[in-house]
Amino acid sequence: MVKQKQETANQPDNTAFTQQRLPAWQPIISAGIVIPGFLIIGLAFIGIGVALFVTSQSIQVLEMDYTGVDKTSPCNRCTDPNVKSCLCQMDFSIDTLFKGPVFFYYGLSNYYQNFRKYGVSIDYNQLFGDLSYFTSPSEKCSPYQYDNNNNPIVPCGAMANSMFSDTFKLFQIVNGTNKEVPLDGKGIAWWTDSNIKYRNPSVTPLQMAFNNTVKPLLWANPAYQLDPADANNNGFINQDFLVWMRRAALPNFRKLYRRITSGDYTQGLPAGNYTLQIAYNYPVLSFGGRKTVVFSNVSWMGGKNDFLGIAYLVIGSMCIIMSIVMLIVYAKFRFSEEE
Amino acid sequence: MTWRSPLALVRDALAGQRARERDLRSLVSNLPFENQKKTRQPNRYFSGNAIKTTKYTFLLFIPMNLYEQFHRWANIYFVGLAILNFVPVVNAFQPEVALIPILVILSLTALKDGWEDFRRYQSDRKINNTPCFIYSMKRRWKDVRVGDFVKVVCNEIIPADLLLLHISDPNGVCHVETANLDGETNLKQRRVVPGLCIMFVPESFDSTVVCERPNNNLNHFICYEKPDREKVGAGIESLLLRGCKVKNTQYAVGFVVYAHETKSMLNNSGARYKRSKLERKLNTDVIFCVILLFTMCLIGAVHSLWLQALPGVPPYLVPYSTGQLDSPALSGFYMFFTMIILLQILIPISLYVSIELVKISQIFFITNDIDLYDEGTDSRAQCKTLNITEDLGQIEYIFSDKTGTLTENKMVFRRCSIMGTEYPHKENIRLAVLDEPDSEEEVIFDQPPRTPQTGWSLEAEDTNLEDARHHHGGRRKSKISLNADSSVAFSSPLETEVIPDRKLLQKISKTESSGRQQMDPYLDFFLALAICNTVVVSTATAQRQRQSALTSDNLCYEAESPDEAALVYAAKAYGFTLMARTPDSVTVRLPSGKDLVFEVLDTLAFDFNRKRMSVLVRHPVTKEHVLYTKGADYAIMELLGTPYAIAADTQYHLDCYAKDGLRTLCFTKKIVSDEVYESWSVKRRSALAAINDREELIMDTAVQLETKLSLLATGIEDRLQESVPDTIVALREAGIQVWVLTGDKPETAVNISYACSLLKDEDLLVIDGHTLAMALSSDLQDRFVDLAKRCRSVVCCRVTPLQKSDVVKVVQDKLKVMTLAVDGANDVNMIQAADVGIGILGQEGMQAVMASDFAVSHFKHLKKLLLVHGHWCHTRLANMIIYFFYKNVQAYVNMLFWYQFFCGFSGTTMIDYWLLIFFNLLFTSVPPIMFGIMDNDVSAEMLLGVPELYKTGQGEYKSSTFWVAILDAFYQSLVCFFIPYMAYWNSDVDLFTFGTPLNTISLFTILLHLSIEIKAWTWVHWLIMVGSVGLYFIVTVAYSAACITCNPPSNPYWILQRQMADPMFYLICIISTVVALLPYTFHVLRNSINPTPLMQARHLDKLDPFSRDQWIKEWRS
C-alpha cells in the first residue's frame, strides 16, 4: 500500500477547483433573454420619467439677474467700483400664488469656487474652533494667512476671504406701501456643518477669542459680528458663512440665502408686486461673472430640473423600441435547440 | 588570526583566482594538513560546499529589492510622479497621500519576493545542515571541502561531487540513482577508480588528483590520478554527483573534487523568462496610453490659459504671498505636470502585478490538471518558463521530432532476418490484432542512433581501461523488470513477452542438437542479442523496492535504452537468457540449460559518429576473441568485410521493414585474432589514460577494431504513442501546421506520418537533409518557405539537430508566426529556437525537457495543453488586460478630465483622494484578477470537441480590440459624467456631493461591464462582485462618518450619508449606469444575428452532454 502511495505522490488533487470545473452559471446575453429585460426597464423608466417630469413641471422658479450690466438695469450704477455701500432695487410681480415654502437663492455664474488652489486655501482646524490655529493659521491659507502687519487672519484663506457679501430685503407692495416679507435664515446650512464640522471656540464672549487677530481683508465685519441680530449665528457657525464655505461643484451655481416660511407668507408668495432691495457689495463684472436671485419652491426631487425626467422618458422609450427590434431579430435569427 | 600583509593577501587572492581558472586542477588530500592554518591548506582556493540560493540578505533586502523592482519602468514612472507631487507648484494631491498606491504596489511585490527568498533560505539551511560523514567524523554538508574524504551509505544523498575511491562491494561497482538531478530513474553504474588497492585507507592516500575545470555537463568528466608515476584515468563512471543516491552497496568513500561548483549546481540555472507575444502587444498599447495621457495633459495645459483673457483677477484665483500670479506660459507649464499627476492612473499601476498573479494561477492550473498527469511515470505537466502560458493559445506551427515524441520509444522485438532468410514472427502480429485497440503486442524498436543528436556526441567514450563495459549515458530512461508492476516502464508482460517464430525455433533446436554450436549463425545471432548490450541484470538483492517482486527466474533487467531491453527479452524468448553481467563477464544460459560465461574484454560504447556499439568477449568454448557489433544498418553495411549475397538479401528485407515503418538494427560478428587483439589493447589503454582528446582517441581505437565484420542482421520497428493520430488531426483542425523533423530515412518518416494521420492528401512535402541544406541557403529560403506554406504537411527526414533549429528559425522569421517545438529526447537547439518549446518526458533523455518551456508526459497531452489551456490562458489574460485599460480610462481618468472643463483646468478632483485610492486599490482591484484567473468562456469538452475554436480564440486581443475598449471607455465616461452634470446643473450642489454619484456610477458601470464580460459565474464570482459593492458602501460610509478634519483640506464628512437619503441619487445612478451599458445591445444583436463560433460553442455548452455531442458532430460535418 505504501508502495502504491509513493507511485502517485505527484497526482494532482481531483477537486472541482483545481480541475476548473466549479459549478457555474453561464448566462448568454442574446436577444431571447434581453427582450423581457428591456421591456421591464423600458416600462419602469417611462414610469419614473413621467413622475419626474410632472414633478419638475410643478415647480415654480423666478430668476432675476441683478448684476447691472445693462445701462437700464437698476443696479447699473452700483457696478462702478468707486461707489461704496450702494443700494439698488429690483421690482417684479407675481401673477399667481408662488407656493410655499419658497426658497430664496443667490446665484453666481462663471465663478470657479471649485478652483484647486482656492479650495485648498482653508484651515479646517481653525474653523473647528482650535485656538492654536488662531494665532498661527495653516500655511495653506497663504497669502491670506497673515495681514501686512503680520497679524493672523481669522478665518484665514481665500475661500473665507471671498465670502459673498450682498444682502437682500424683500418687500411686497401692498396698497403702495412696502410690506417686508420675513426671511428665515435658520437651518439653511447643513446640520453637520453647523454642529460638527465647524465650531466656535468655547470662549465667552466670543469676541475674546479673536483678540490679536484681524478679519479677512474683504470683510466688512469680523467673524463674531456677522449677524448682529442673532448672537448664536456668529463666528464660524454663521449660516451664511457655512453656506459659502460649502464649495460649489460647478462654475454656475446657486446658494441658499433664505427661506420664506413665516408670517403671512407660510402658504407662499401671493400674486402681486414685489420689490427686492439689494445691498450691492460683491464685485463680479471684473471677471465676467453674473449675479442672480432665484425664488423657487422645492419638491422631493429638489429644484426644477426637466432633464432627468426627459432622459428617463427617452431611454425608456428606446428600451421599448429595442425590445421590439430584438423580438424581430429573435424571430428571424434564433440559434436554438429546435433548429 | 595572525596578521598578514595586505600584499600577501592580494597575492593569495590572485593565486586563488588563477587556481580556479586553470583548465586543470590538482587536488590533494586534506588529511595531512588537517591541523594547519587556513593559509596553509592546499585546497583553500576552492569554494566550500555551503550553498546559497537566496537573492537577498537580511540587511540589504530593502535596497536590493527596490533596485530589482525599479528595473520595471512602470514603477519608475509611478515613483517619479509621486515625487513630482512634492513640488508645490504642480502638486495635485497631498504629497504624502499620493505615495500610497506606489508604496502598496512596491510593498506587495516586496512581500512576495521576500517570502520566496525566505523559503529559499530555509531550504538552503536545511540542505547545508544535512549530516554527512567526512572521513569517519559526523559533520554537515556545509563543512565539506575539496580534498576531503566523504563516506556515503546506501540510499544516502551525495553531498558533493566525489571521485569514487572505495566501496564495500568487492567488485568495485555500485549504482547511483540520478532522479534528483535529471529525473531519470534508471540506475547508473559507477566504479571505483581502477588500480586502487582493495584495502583503502584515507590517511595513506597520497596521490594528486588532476581534474578538469568545473562544468555543467552531467555526462562528462575527466581526471587522472598520479599515485606515483603512472597516471590512472577516470571518467564520469567514477564520479558520484551531488544530489544522487548511492545504491547497491553498503557504503562508498569518495574524494571531493568539486564542492560548491558541482555539476548539479552548475546545471541549476533557475526559471527562465521569455517575453510573450501578448506582452509585446501590451507594451505597444501602454505606449498608446502614454500618448493619450500626454494629449490630455496638453489640452489641459493649453486650456488653463483662459484665465488670462479675464479683465480682472477673480477672487477665486489665489496669488502667491507676494501677491503675484504666474505668467501664462509658466502656469500652463505647471498645469501640464499637475494634469500628469492627476491622470496618472491612465497607465494602469496594478496591471503588471495582476498579470503576474494571473500567470501564477495559470501555471497552477496547468500543473494541477489531472488530464495532463501520467500515472506511469507519476509526473505532472511542468512549466519551466513562467510567463509565456498565453503563448500556448497562439501557436500556428508545430515542429515535432519523431522518436520519443510521436512514438513511444517502448520496444518489443518484431521481426528478424538471419542469413538472408526472413522470419516474420506472424504469431506476434496475430496477437497484436487480437489485442486491438491497445495493440500492446506490436513489436516496436526504436533506433536512436538514426537521429544524429548532438547530445550523444557529448557523451563520447567513457569506458575505462580494464572493463568499464557500460556506457552511462544517462539520457535514456528505462526500467526493465520481469514483474508485472505496470507503473514501471517496459515491465508489462505484454511488452516483454515475445512469441518465437516457429520456423526459427525449429531451426535453433535443430542446430543445438546437431552440436555445431560454435559455427552456427543462428546461435550467434541470439548470443549477440544477449551479449551485445549494456543491460544490467539485477536480482532480489538490488535495493530497489519497486522491482523487488521478481518472477520465478529472479531476473530483473535494467537497460539504458529500450531497444536493448527488447532485444534481451527477444533472446530470452528463444531460450538464450542473459543471466548475469559483471564488469568482466557475461553469463548466458542456452536453451539446453547450459550456462556459458563469456569473459568481457572490452566494451566499445555507442557514440554518434560511429552509430554503433560493440562488445569484445572471449568465447568460453573456443577461446576465440569475438567482437559483436550492433548498429544502424547504414553504419554497419559499409563495414562488412567481403561483400556477399546475404548482404543484398538482408538489405532488401531491411528496406521492406523500413517501408512498414519498422526500424532496423544490424548485428555483426567478428573473430579477432590474438595478435591483433594484443596490439590493439595497448593502443586502447593509452587512449583511455589520455586527458586531452581522450574521446577522439577512444573512438579511433573503436573504429580500428570495427572492420571487416560478418553480417548477422535483423530488422525492427517503432510504435506510435497513444492517441497521436487523434492529436495531430485535432491540432490540424485547430489551424496549426504540423511539421515532422526527423533523422529517419524518408521511407520510415513517410510511413510514420501516414500512421499518425499527418499525411492524408497529396499535397505533402517530403524533404531530406541534403535538399534541406540547400533550401535553407539564404537565396532559396523565401521560395522554400513559400512552397512549404502551400503544403498541408511537411516532413523533413535525415536532418541534423542544427538543421532542425534552422528550419524553425526560418519559418519563424519569414512567416512571422508563433512556433512550437516538441521533442522527447535531446533536440535542445530546436526547442530553444522555437517560441515555445515542449519536452516530452519520455523514455529517452531529459535534455529536451530541461531546455523546454513546458514538459508533458505524452504527445497526446499537447491537445489539451494547447486547445484548452492555451485557449483559456490567452483569452483570460487578453480579456483582463483589455478590461484593465478600459477600467482605468473609464474610471477617473476620463471623469477627472471632463471635470477639468468645469473647474477652470485647475486640477481639482471631485472626490476625496483617499476614496480615489480606495477605488483602485480596494473596490475594483480584485474582480479583474478573479476574471483573469477563473473565467471559462467555453468548456474544455467543447474546446476539445471543436478544435476550430482554437483559431478563433487567437484573435482575442487585436489592436482594434484595444481601441474599441478605449472608445467604449470614453463613451461610458461621457455618460457617467454628463448625466449627473445635467441633473445637477444650476443647482446648489457642492463639490463632493456632486462627486459621490459620479464615483458610485463609475463603480457600478465598471462592475456591471465586467459582469457582462464574465462568461461563467461560480460562487467565487458572486462573492467577489457582491463583496466589492458592499465594501464600497461600507468603507465610504465609514470613512465619511469618521473623518471630520482628518485629511484637510479635503472634507468628505457625511456626504454619502446625505446622498443616500436622497432619491435623486439613486435615480441618477440608475439611468447613468443603464445608458453607459447600452452599447452592449450591439453585442446582443450580433450574437443573435451572426454569432461567432465561440458564441455558438457557448450555446452548445448549455446542452446536456449527449445532445451536445450530437450537435458537435452535425456542426462539424
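Residues are numbered from 1 along each chain as its sequence is written, and chains are lettered from A in the order in which they are written. Because the model is predicted, local features need pLDDT of at least 70 and side-chain atom pairs count only at pLDDT 80 or more, whereas totals for chains, interfaces and linings use all residues; side-chain values use heavy atoms, with hydrogens and water left out.

**Interface between chains B and A**

In chain B, 98 residues are in contact with 86 residues of chain A, contact meaning heavy atoms within 4.5 Å. The area buried between the two chains is about 8400 Å², with 65% of it from carbon and sulfur atoms; buried area is the accessible area (1.4 Å probe) that two parts lose on being put together, summed over both. Between chain B and chain A there is 1 salt bridge, in which the side chains of Asp990(B) and Arg246(A) meet at 3.1 Å, N to O (a side-chain nitrogen of Lys or Arg within 4 Å of a carboxyl oxygen of Asp or Glu). On the side of chain B that touches chain A, helix 37 (residues 1063-1077) gives the most, with 8 residues; helices (H or I, at least four residues) and strands (E, at least two) are DSSP runs, numbered from the N terminus.

**A mixed sheet in chain B**

An open sheet of 8 strands in chain B has the order 14-32-31-30-15-27-29-28, with mixed pairing, where two strands pair if DSSP finds at least two bridges between them. Strand 14 (382-383) and strand 28 (764-768) each have a single partner strand, so one side of each is left without a neighbour in the sheet. Strand 15 (residues 397-400) and strand 30 (residues 819-823) run parallel and are joined by 4 bridges, and Ser400(B) stands opposite Val822(B) in strand 30.

**A buried glutamate**

Glu212(B), in strand 8 (residues 208-212) of chain B, is buried at a relative accessible area of 10% (buried is under 20%, exposed over 50%, partly exposed in between; 1.4 Å probe, protein chains only). Leaving aside neighbours within four places in sequence, the contacts of Glu212(B) include Asp23(B), His220(B), Tyr258(B) and Lys263(B).

**Backbone features**

| Cis peptide bond | Omega |
|---|---|
| Gly100(A) and Pro101(A) | about -5° |
| Ser142(A) and Pro143(A) | about 5° |

Ser85(A), a residue other than glycine, has a positive phi near 30° and is exposed, with a relative accessible area of 67%.
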